[in-house]
There are 2 protein chains.
Amino acid sequence: MGRAGRERLVVIGGDAAGMSAASQARRLRGPDELEIVAFERTDFTSYSACGIPYWVGGDVDDRDRLIARGPREHRERGIDLRLRTEVTELDVDGRRVRVRDQESGAESWTGYDKLVIATGARPVRPPLPGIDAPGVHGVQTLDDGQALLDTLNGSPGRRAVVVGAGYIGVEMAEALLKRGYGVTVLNRGEQPMSTLDPDMGRLVHEAMDGLGITTVGGTEVTKVLTGEDGRVRAVATEDAEYPADVVVLGMGVEPETTLARAAGLPVGAYGGLLTDLTMRVRGREDVWAGGDCVEVLDLVSGRERHIPLGTHANKHGQVIGANVAGDYGTFPGVVGTAVSKVCSLEIARTGLRERDAEAVGLRFVTVTVESTSRAGYYPGAAPMTVKMLAERRSGRLLGVQIVGREGAAKRVDIAAVALTARMTVEQVAALDLGYAPPFSPVWDPVQVAARKAVTAVRRAG
Amino acid sequence: MGRAGRERLVVIGGDAAGMSAASQARRLRGPDELEIVAFERTDFTSYSACGIPYWVGGDVDDRDRLIARGPREHRERGIDLRLRTEVTELDVDGRRVRVRDQESGAESWTGYDKLVIATGARPVRPPLPGIDAPGVHGVQTLDDGQALLDTLNGSPGRRAVVVGAGYIGVEMAEALLKRGYGVTVLNRGEQPMSTLDPDMGRLVHEAMDGLGITTVGGTEVTKVLTGEDGRVRAVATEDAEYPADVVVLGMGVEPETTLARAAGLPVGAYGGLLTDLTMRVRGREDVWAGGDCVEVLDLVSGRERHIPLGTHANKHGQVIGANVAGDYGTFPGVVGTAVSKVCSLEIARTGLRERDAEAVGLRFVTVTVESTSRAGYYPGAAPMTVKMLAERRSGRLLGVQIVGREGAAKRVDIAAVALTARMTVEQVAALDLGYAPPFSPVWDPVQVAARKAVTAVRRAG
């Protein structure tokens, strides 16, 4: 348990949440007060997994640019970082973890006073025949990204299949397109981007068509076919085969909570750890958790959700670091904001989709409007479609989805803040937003939608 | 007045506020119920004065593109629009206005049941020697813009002086630069953009220097010098002369309330009409006012301010139109959001500057941070500086100013919504904003500032 009078903090996982927590705790408590040990399975710390598609696509030329803070920097700050060291068991009653040195294979128990679980998420990877064949790649870690790049650089192929059309799927479609591949995206849902309602997903589908990306919806991959050399040669669905020189899996992720569940810690409907507002694991005094392995409170629906996203992981880490150091911080929850792009197409969403609102019993109206990113007469004014959900009677804003070109994505922040403040669409329509011809029409597109929603709420009665 | 059972609405001023009010009233009440007469001095209706710099600069090639809705469209919608007709007197007790036909010079009284005053603002134009010389231009109306373009197209000159370094001044500096002029901006304040604190104005100054625009601060124009042909040849200050082939005046505007004041209607400290939340002129049952001729409630300071801006004028018009038609709407107030640009430099502000906060007795902390528009490793990540004011003790957000490049300006909307919701900087730091490498660092620049402000509030005690 460390030296007398000194507490020992153990952190499992060396990426955003874990190392933010460690760094923040170190900022507040010196090495004489708090020993900090962090275990990380890989060779990397504090990297931007969200940046991998842009590295693969060539927008970012060097892997190391994705690393916000390397092992040496963490160690210089007084964090005892153990790379290639895996935690294999968790004994929360005994306040100890079993760790395995991947080089030597040696395992041993080590104690803690306070524990931070930041084990992240693991990609969904169904046990399909051929899925482990050379040429089939995930894009979760920097090693994954490097392996994919090695395939792209080493293979003469020109056909790529991406399985899954969520954020990772569409971003990888762009990356492969930029690398000169003919890209086919196979998607279980009818439309890409299931984080949008299908009517907005259809706009993404159409834009991807326009970019030359083939998107096949409503299809389930059944196996990966390999050639005589054992490498991937095609992806099969129930009724078709798609030739492929390279396959990228973007089928989403699940919270990595194997250890935590084995130790009896509480997980929610999505398999993520459940915490209180200070990110302390429910029912435990000395265990905190954050990042992609936890569920977070959705402030709009009042339900827990699993939203793996670097920005949340960083915020969790800050909060955890403050609390384990004896200071105070809370993570109030999320509203479900996400932005992405496929080439010049920008995609954004926040709050509830129709099915989310229905699931919690909310009655609502929806409106969809077309507007532009700038005054219509200003050069570069780009069209965008804004869909808005508002609660019946109250007029409370429930969600916004935007699909457009330059200037579309970050407009969703207006709605994100308004959702957090539980504003009505009438209040949104009255907001004092930045207006000048190069930046917005005289009514911001979000407000054009809000005005229409005001009328729709009134009509619905 | 008017036919039996039919009310008569008179609107003074055919630009954004007036014609929005007329259009909204017409939408809600047909011609059998409500007669609508609108008087406009010029030949133009519903045009974007904010677009004039971009027309002059060549970004917009056709004047008519700045006209959102022309006279014919208004008339087709059943609005009796009288162009080149000036209201010369207002008799509010007698419910009538005196109008003069500019062609014939004929004057007559005409009655109303309800009146909308939307007389706009007039440019500040000090009575300096030579200020009316050929080659000296305002940029308030489309006619002003055309006259300036005629000068630019007709004159072989290459030197331009802009008087004033507010929004119009810096936007016109860009326009003249684009037209190939050497541009000098003369400004009364030490730094351009007095709607920012001087430390942020200095960044604008430096960026303008970098663009080749000479900005002279702390100087007062004393006269305009003319050549033998009577045209402008230079602008003189107390201690220098600046040669000029063309001069543009951008010294701000004042509410145009001559008529209203003569009629005894209430005006505020800035000379703008004072209204209630429905935009009804205080103390009057049957008179509404909106647009650049009114003062608006600043929700942050609780004081009235004069903020001439097309987006507010449009909102006022909507509210007035609803109320005069017997429906209901309110304009809750503003937070003082404004965005602008000079070439690629983006400038934004919302809420209170230091002097505004001091003027209402608020104690506050300020922080300034450097961040980027995108993840640091993503191509095109552009630097931006964010300054934030927060109230001591409460931590309430009071204001944000941003100077940067692409992606800087509209970020101010995050703060604008947060100000409206009276959020603390701690709440701002916890917001769920759109994050992806092409759109934002993992902490949005506004949140980087908010985090620093949280610490500053705590330290200030």
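Domain bounds, as used here, come from an automatic or database domain assignment. In this predicted model, the assignment divides chain A into domain 1 (7-122 + 254-324), domain 2 (125-251) and domain 3 (345-456). The centres of domain 1 of chain A and domain 3 of chain A, taken over C-alpha atoms, are separated by 35 Å. Where these two domains of chain A meet, domain 1 contributes five residues and domain 3 contributes seven residues. On the domain 1 side of that contact, two residues are nonpolar, two are polar and one is charged.

The relation between the two chains may be considered next. Any two copies of a chain are related by a rotation about an axis and a shift along it.

At the interface itself, 50 residues of chain A are in contact with 50 residues of chain B. On the chain A side, the elements that give two or more residues are α8 (310-324), β21 (338-342) and α10 (412-420). Of these, α10(A) gives the most, with seven residues. The chain A side as a whole comprises 34 nonpolar, nine polar and seven charged residues.

One residue of chain B illustrates the contact between the chains. Thr311(B) lies in helix α8 (residues 310-324) of chain B, and this residue touches Tyr435(A) and Val442(A). Is Thr311(B) buried or exposed? With 20 or more other C-beta atoms within 10 Å of its own, a residue is buried; Thr311(B) has 25 such atoms within 10 Å and is therefore buried. Within its own chain, Thr311(B) is 294 residues from Ala17(B) in sequence, yet their C-alpha atoms are 9.3 Å apart in space.

Chain B also contains an open sheet of five strands, in the order β9-β16-β10-β11-β12, with parallel pairing. Strands β9 (136-137) and β12 (214-216) of chain B stand at the edges; each has a single partner strand, so one side of each is left without a neighbour in the sheet. Further inside that order, strand β10 (residues 159-163) of chain B runs parallel to strand β11 (residues 182-186) of chain B, and five bridges join the two. Among the residues paired here, Val162(B) has Val185(B) in β11(B) as its bridge partner.

Definitions and conventions:
Residues numbered from 1 in each chain as written. Chains lettered and ligands numbered in written order. Predicted model: local features only at pLDDT ≥ 70, side-chain atom pairs only at ≥ 80, totals over all residues. Helix = DSSP H or I, 4+ residues; strand = E, 2+ residues; numbered from the N terminus. Nonpolar A, V, L, I, M, F, W, Y, C, P; charged D, E, K, R; others polar. Buried ≥ 20, exposed ≤ 12 C-beta atoms within 10 Å, placed from the backbone. Pairing = 2+ DSSP bridges. Lists of a residue's contacts leave out its neighbours within four places in sequence.
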